[in-house]
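Welcome! Please take a moment with the sequence and the model below, and then we will walk through a few of its parts together.

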Amino acid sequence: MSDSAALHASETARVEPQAHVEVQGITRVYPPVAGNPAVHALGPLDLTLRQGEFFSVVGPSGCGKSTLLDVVAGLAAPSEGTVRFEGKPVAGQVPEGIGVVFQEDASFPWLTVYDNVAFGLRRQGVNRGDLAARVDYAVEFMGLKDFARAYPAQLSGGMRQRVCIARTLVLKPRLLLLDEPFGALDQQTRLLMGDEVLRLWRETGATIMLITHALDEAAMLSDRVGVMSSRPGRFIEVLETGWPRERDSRIVSEEAFGRITSRLWSLLREESLAAIGGRGAKA
Ligand SMILES: Nc1ncnc2c1ncn2[C@@H]1O[C@H](COP(=O)(O)OP(=O)(O)OP(=O)(O)O)[C@@H](O)[C@H]1O
């Protein structure tokens, strides 16, 4: 390769960040059940998640956000199209390297915080020394060290979500899929949990895809926000926030934050009206 071709190739590599997840032409149609018609929930849509980016998905209620996450995770098969994670097709099960956290408190009530976090590693047969080191790290990272012997019932809702995140984090996911993980928390706790997730994202280098209803959360946390149409969901715009990697919830008081949230809201307002059948929703 000539010097100029080599230079060009390396510049191209810098401009085009490596794709971590490639979604091509996916749709998801739920078949008819008990006399109810089939539901075309999603797509067709394409999406590329860049290696190490923080991507959020917002959209009107019922537009197919969770369906998209399920398909990317391998929890549901697309009706058409393909999903590739690190170059390999995702099909049938959640691949090694993908971690998922849902809105519902999914901690096991009969296990202590420590044993909740250790659960996945024990199933993998990880040896005791490694297991203890990894669980201690995840428990401490999520600020749960003083509660390692507590049971979920003794914790607040925010702390229980920390347990769920620690339980996923301990498995060292390279792609973290978060489906409304803070949806049940109050506004202040949500912002603080957002800071925790940003710290986790920076320190692990994982790629994150977050599904959220909260535009402020999407605007604060993300490198890019994908705005979906009403069902069947497609991306109507993908907005680059331009935030530096070192950021936290203090950016909510910046002028740019206001511009981003108002752009998100103006896109979503029309789609949300369309989703609930509002008159004159779309020009
Ligand atoms: N198992 C299912 N069977 C049939 N229809 C389904 C099923 N799961 C979801 N749907 C339908 O698919 C559409 C998309 O659902 P999905 O949960 O993906 O939307 P969402 O954008 O995540 O919703 P919300 O914002 O309210 O959480 C909805 O109309 C929903 O009723």
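The largest nonpolar core has 67 residues, and Val72, Val117, Ala166, Leu177 and Leu264 touch the most other members. A nonpolar core here is a set of buried Ala, Val, Leu, Ile, Met, Phe, Trp, Tyr and Cys residues joined through C-beta atoms within 7 Å; buried means that 20 or more other C-beta atoms, placed from the backbone, lie within 10 Å of a residue's own. This is a predicted model, where local features need pLDDT of at least 70 and side-chain atom pairs pLDDT 80 or more, while totals for chains, interfaces and linings use all residues. Residues are numbered from 1 along each chain as its sequence is written.

Follow Leu264 for a moment: leaving aside residues up to four places away in sequence, its contacts (C-beta atoms within 7 Å) include Val58, Leu215 and Leu239.

Helices are DSSP runs of H or I with at least four residues, and strands are runs of E with at least two, numbered from the N terminus.

Finally, turn to the strands. Strand 1 (residues 19-30) pairs with strand 4 (residues 80-85) in the antiparallel sense over 5 bridges; pairing requires at least two bridges found by DSSP. Here Val21 has Phe85 as its bridge partner in strand 4. Strand 4 is also joined to strand 5 (residues 88-89), again antiparallel, by 2 bridges, with Arg84 opposite Pro89.

Notes: Buried ≥ 20, exposed ≤ 12 C-beta atoms within 10 Å, placed from the backbone. Contact = placed C-beta atoms within 7 Å.
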